Amino acid sequence: MYRTHYCGKITSDEIGKEVSVCGWVQKQRDLGSLIFIDLRDVSGIVQLAFDEATEKSVFETAFAARSEYVMRASGTVRPRAEGAVNKNMATGEIEIAVTSLELLSSSATPPFEIVENSDVKPELRLKYRYLDLRRPDLRNNIITRSKIAKETRDFFSENGFYEIETPVLVKATPEGARDYLVPSRVHPGSFYALPQSPQLYKQLLMLSGFDRYMQIAKCFRDEDLRADRQPEFTQIDLEMSFADVDDVIDVNERFLKRIFEKFVGIEVQLPIKRLAYKEAMERFGSDKPDLRYGFEIKDISEAVKGSEFSVFASACETGSVRAINIKGYGDKFTRKDIDKLTQFIKSYGAKGLAWCKHTTELTSSFLKFLSEEEKNNIFSICDFAEGDILFVVADAKNKVVFDSLGALRCHVAAQLGLADKNKYEFVWITDFPMFEYDEEEDRYVAMHHPFTAPKDEDLQYLESDPARVCAKAYDIVLNGWEMGGGSVRIHRRDVQERVFAAIGLSPEEAQEKFGFLLDAFKYGAPPHAGLAFGLDRLVSLVLGLDAIRDVIAFPKVQNASELMTGCPSRVPDQSLADLSIAVTKTETEE
């Protein structure tokens with residue numbers, strides 16, 4: 001037996017007892033006749049003590065110990081000397097008087113110090129991720145993730161869900177992000193896809209009569225990365241038979257209440273508020289609104305429609321003019337700050353940012369072009385008063401207005417320190433549009449996925465006016481982050497065929513891609529609905545982190561590569577030949 005105790009679990013109850021511990025040297029302090037070693041394992045740190053009573057060979061081994069050496073120590077637990085107690089350590093009242101010390105493995109000098117909240121460059125940390133994971137804060141992130149996964153399984157098992165695995169090698173059915181493709185050796189020229197979600201399989205499980213399914217599932221999407229996105233990610237995936245919107249929302253609200261009360265220590269008030277998609281966009285410019293602060297968007301189109309100021313008037317013809325009032329913070333924004341904000345919103349398609357500030361005097365980039373009546377109407381709509389600053393975006397496309405002002409309100413709130421990480425504002429977003437128009441492909445595409453059920457009253461518009469159709473879809477949002485989303489599913493073949501037609505799939509294409517699902521609907525499909533949480537995002541929100549990378553043991557970087565192992569990488573020509581694949585050089589390689 002290597003050890004009797006974990007380093008961080010030894011308490012004053014063990015005083016006088018013989019113990020053995022193993023771990024890494026956090027640091028060694030040589031005081032001449034005294035040597036102290038902080039030994040670290042997954043549970044924490046314990047102090048090893050060596051003095052004049054220590055056997056010479058043991059003392060010499062301690063003297064030679066260096067950072068990250070792996071050691072095994074045995075000895076007697078004793079209280080620390082008076083004045084040497086460290087109240088910041090769980091084991092700060094005791095130490096081990098070592099009688100035996102064994103070097104299990106030496107270590108080269110690490111490329112960075114293994115300490116909490118390291119400010120080392122992310123690229124270096126990821127190259128040596130196995131060292132990075134030794135840091136207490138990152139280690140605790142991964143342990144918390146493990147505990148949340150266990151709590152998830154326990155909760156859904158208690159609520160009648162069966163954990164069922166679905167395949168990882170699946171049929172390629174491109175209708176969303178790009179698939180990761182896996183060539184088949186035994187079927188030359190054919191490919192599997194890695195699942196973007198277990199969507200179709202969990203629907204088929206409902207058709208199979210399992211009633212309630214859940215799975216902590218690996219999913220894959222070949223898309224551009226950002227702080228909250230990885231090419232491979234993990235979902236808490238679930239589905240329920242004979243369920244509608246309220247059934248799914250109820251069980252998942254209770255799940256969130258349990259997770260956040262246990263791991264964050266806050267009480268989640270149920271029911272969680274709901275906002276229809278249209279209202280969320282009009283008030284916050286986003287379908288994942290951050291409700292921790294105000295700065296709501298106000299539509300001032302009616303106040304400037306027909307104005308002699310052509311910038312506003314022309315925008316009203318097909319789009320709108322909208323504003324946010326950063327109430328009480330007018331003195332926080334200089335002209336230089338406003339110029340920076342103008343550049344910021346241009347990345348969202350806006351052509352410019354109009355503004356009006358009332359501090360010691362009233363200054364503006366646009367008021368001189370408006371009549372007194374127009375000005376007064378704007379001020380009234382926006383509740384504009386002394387101390388405020390008003391930001392206005394006008395565009396012929398409402399999407400540009402919403403995207404720009406939605407991003408601006410969050411950006412400004414973060415600058416002003418109003419995005420309080422200790423405040424938790426949950427909201428359900430419901431009644432999403434069923435379709436959105438893809439200008440590149442010149443067709444409607446499903447906003448969520450094409451297996452989402454339209455609202456019953458909108459079925460009549462599937463062919464005549466797809467833009468009018470709302471879906472039985474819902475997302476759960478916390479502090480501006482989408483944690484999960486789901487929908488009631490289509491369970492009738494005729495409705496599914498109509499939705500496929502609405503997104504431009506011919507009957508032949510629909511049969512080729514999804515014939516197995518359409519055929520299954522012939523054999524008695526129950527009404528069913530479900531939801532999937534992003535486990536990575538859920539854990540990062542519980543821990544108050546901005547990026548999911550620090551809750552994933554071995555994440556990828558922005559170009560979807562892993563710095564530690566160097567993947568993706570070339571493979572031998574014979575491996576490609578076995579798969580009937582030839583790699584051609586791109587122009588940049590030639």
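Student: Which residue in strand 16 is the bridge partner of Asn325?
Tutor: The bridge partner of Asn325 in strand 16 is Leu390. Strands here are DSSP runs of E with at least two residues, helices are runs of H or I with at least four, and both are numbered from the N terminus. Please note that this is a predicted model, in which local features need pLDDT of at least 70, side-chain atom pairs count only at pLDDT 80 or more, and totals for chains, interfaces and linings use all residues. Residues are numbered from 1 along each chain as its sequence is written, and side-chain values use heavy atoms, with hydrogens and water left out.

Student: How many bridges link strand 13 and strand 16?
Tutor: Strand 13 (residues 320-326) and strand 16 (residues 389-395) are joined by 7 bridges in the antiparallel sense. Two strands count as paired if DSSP finds at least two bridges between them.

Student: What is the strand order in the open sheet?
Tutor: The 5 strands follow the order 12-13-16-14-15, with antiparallel pairing. Strand 12 (297-299) and strand 15 (362-364) are the edge strands, each pairing on one side only.

Student: Which helix packs on that sheet?
Tutor: Helix 9 (residues 310-318) does, touching strand 13, strand 14 (354-358) and strand 16. Touching, or contact, means heavy atoms within 4.5 Å.

Student: Changing topic, is strand 9 mostly covered or mostly open?
Tutor: Strand 9 (residues 212-220) is mostly covered, as 7 of its 9 residues are buried. Buried means under 20% relative accessible area, exposed over 50%, and partly exposed in between, with a 1.4 Å probe and protein chains only.

Student: Which residue in strand 10 stands opposite Ile216?
Tutor: That residue is Ile236. Strand 9 and strand 10 (residues 232-241) pair in the antiparallel sense over 9 bridges. On the other hand, strand 6 (residues 162-163) runs parallel to strand 9, joined by 2 bridges.

Student: And which residues touch the most other members in the largest nonpolar core?
Tutor: Of its 78 residues, these are Phe255, Leu256, Phe260, Phe426, Met483 and Leu538. A nonpolar core is a set of buried Ala, Val, Leu, Ile, Met, Phe, Trp, Tyr and Cys residues joined through side-chain atoms within 4.5 Å.

Student: Which helix gives the most to this core?
Tutor: Helix 6 does, with 8 residues.

Student: What does Leu538 contact?
Tutor: Leaving aside neighbours within four places in sequence, Leu538 is in contact with Ile148, Ile236, Phe255, Leu256, Phe260 and Met483.

Key: Axes fitted to C-alpha atoms, helices over the stretch in contact; angles between N-to-C directions.
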